[in-house]
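I opened a new notebook page for this structure.

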Amino acid sequence: MTVGNLTATRPPQPWTAPTASDPVATTLRLPGSKSMTARALVLSALAGGPSTLGGPLRARDTELMAGGLRALGAHMSISDDDRWLVRPHRLVGPAHVDVGLAGTVMRFLPPVAGLAEGRVTFDGDPQARVRPLGPLIGALRSLGVRIDTPATGSLPLTVLGAGRVAGGEVVIDASASSQLVSGLLLAAPRFDRGVVVRHEGPPVPSAPHLRMTVQMLRAAGAAVDDSVPDVWTVEPGPLSGRGWEIEPDLSGAVPFFAAALVTGGEVTLQGWPRSSMQPVEQLRALLHRMGGEVTLTTGGLTVRGTGTVHGLDADLSDVSELTPVLTALAMLADSPSRLTGVGHIRGHETDRIAALAREFTALGADITESADGLEIRPRPLRGGTFRTYADHRMAHAAAVTGLAVPGIEVDDVACTSKTMPEFPALWSGMVTGKS
């Protein structure tokens with residue numbers, strides 16, 4: 001339908017989260033890790049030869065990353081869902097990078113754009129303009145990159161690439177996101193002097209993601225020293241093209257694992273490696289405390305539940321992306337929960353702390369938000385509309401809640417396409433036993 005010269009977009013149809021009448025029992029093969037796919041794409045585009053990505057994640061965030069790197073000059077062949085090919089090429093502008101709502105794109109690609117010759121503009125969804133970016137902009141300027149930004153120090157921005165970045169030492173407050181450090185480190189081998197990044201401020205969240213960045217840099221041939229706390233040194237030098245095998249996405253698996261706890265069922269994630277770059281041990285410990293049993297065998301990573309969920313008092317600063325689903329589990333637990341250390345998720349796709357408190361309160365929950373977390377005192381919930389705020393993790397929380405609470409209507413389940421377009425079908429298939 002058109003109105004004048006404007007196209008009227010129909011609002012998304014609500015999705016009724018299915019309620020489980022029996023314990024779930026399913027084996028899943030999920031798409032690859034978003035975090036690994038994003039890092040592998042950047043390192044491949046900066047390498048000295050071609051690379052392949054086996055089992056990558058095809059979703060909005062990773063397609064935006066591939067599109068941004070292609071705009072800068074890299075050759076991307078991503079038509080094959082199972083194996084992507086990246087051929088590096090000279091980085092040039094003019095170019096425009098659409099970051100969507102992806103923190104990885106808006107924080108990983110400005111340092112790469114500094115290595116390009118020419119003007120590179122960045123912008124994205126309206127909510128992306130309020131996501132923390134200022135510390136990265138300041139750091140890049142101190143390393144010799146020319147950047148034009150609004151007075152807010154956020155998107156939209158323009159990098160005036162000179163074809164090289166001097167590099168050197170930089171101090172940054174990365175307490176809002178570990179991606180602020182990762183973005184600098186991933187491009188640093190191509191800087192004239194590499195980089196020494198010193199974090200000063202409250203603790204950097206999501207430490208496992210920083211460890212992943214360092215591991216993948218080393219796998220590509222970079223010399224990285226992270227032996228001093230809050231200091232990362234990357235030497236200048238070539239990166240090697242290589243084959244990347246992308247692990248299944250652990251964060252994407254968490255709602256399905258939560259379903260095992262809620263229903264007393266069993267969920268197995270196939271293809272899980274014996275040694276992982278993702279925070280599987282932290283997840284194992286958290287699910288165990290909430291009443292689950294986690295085992296790793298040749299068949300995959302399996303979570304079993306008893307049907308009883310226990311409350312949890314935990315600092316989630318290292319695994320903050322789990323907060324929405326763990327909040328949903330806490331709503332269904334047999335004792336109160338307190339989740340802390342996640343103040344930085346107020347700057348994610350939405351203010352997740354406020355959004356979780358608001359939406360669960362509307363369902364009758366007793367939930368209190370603090371500056372850095374949530375307190376949950378379980379009581380019976382009622383059905384109703386659960387708004388996602390275009391945030392895939394909010395949709396995951398609603399789906400988990402709907403397993404035990406009939407009538408949960410998710411206003412925009414399509415937002416899960418950010419990281420897993422298959423989510424609604426996989427979820428419904430798991431609950432109905434038709435997966």
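This is a predicted model: local features need pLDDT of at least 70, side-chain atom pairs count only at pLDDT 80 or more; totals for chains, interfaces and linings use all residues.

**Entry 1: the helix crossing.** Residues are numbered from 1 along each chain as its sequence is written, and side-chain values use heavy atoms, with hydrogens and water left out.

Helix α2 covers residues 60–71 and helix α3 covers residues 103–114. Helices here are DSSP runs of H or I with at least four residues, strands are E runs of at least two, and both are numbered from the N terminus. I read an angle of about 15° between the two, with axes 10 Å apart. The axes are lines fitted to C-alpha atoms over the stretch in contact, and angles run from 0 to 180 degrees between N-to-C directions. The pair is therefore roughly parallel (angles under 35 degrees).

Next I listed the contact (heavy atoms within 4.5 Å). D61, L64, M65, G68 and L69 of α2 meet T104, V105, F108, L109 and V112 of α3. These residues divide into seven nonpolar, two polar and one charged. Nonpolar means Ala, Val, Leu, Ile, Met, Phe, Trp, Tyr, Cys and Pro; charged means Asp, Glu, Lys and Arg; the others, Gly among them, are polar.

**Entry 2: cavities.** I searched the whole structure and found three cavities of 30 Å³ or more. A cavity is a set of points on a 1 Å grid over the protein atoms alone, where a 1.4 Å probe fits but cannot get out; lining residues have an atom within 4 Å of a point. Volume is the space filled by probe spheres set on the points, which are joined across faces, edges and corners. The largest cavity holds about 470 Å³. It has 36 lining residues, and K34, S35, Q179, H209 and E321 are the closest to its centre. The lining has ten nonpolar, 15 polar and eleven charged residues.

**Entry 3: the backbone.** I found a cis peptide bond between G93 and P94, with omega about 0°. P94 sits in the loop between β7 and β8. The bond from L155 to P156 is also cis, with omega near -5°. P156 lies in the loop between β10 and β11. Last, D230 is not a glycine, yet its phi is positive, about 65°.

Key:
Angles under 35 degrees count as roughly parallel, over 145 as roughly antiparallel, 65 to 115 as roughly perpendicular and the rest as oblique. On a 1 Å grid over the protein atoms alone, a cavity is a set of points where a 1.4 Å probe fits but cannot get out, and a pocket is an open set with protein on both sides within 12 Å along at least five of seven lines; lining residues have an atom within 4 Å of a point.
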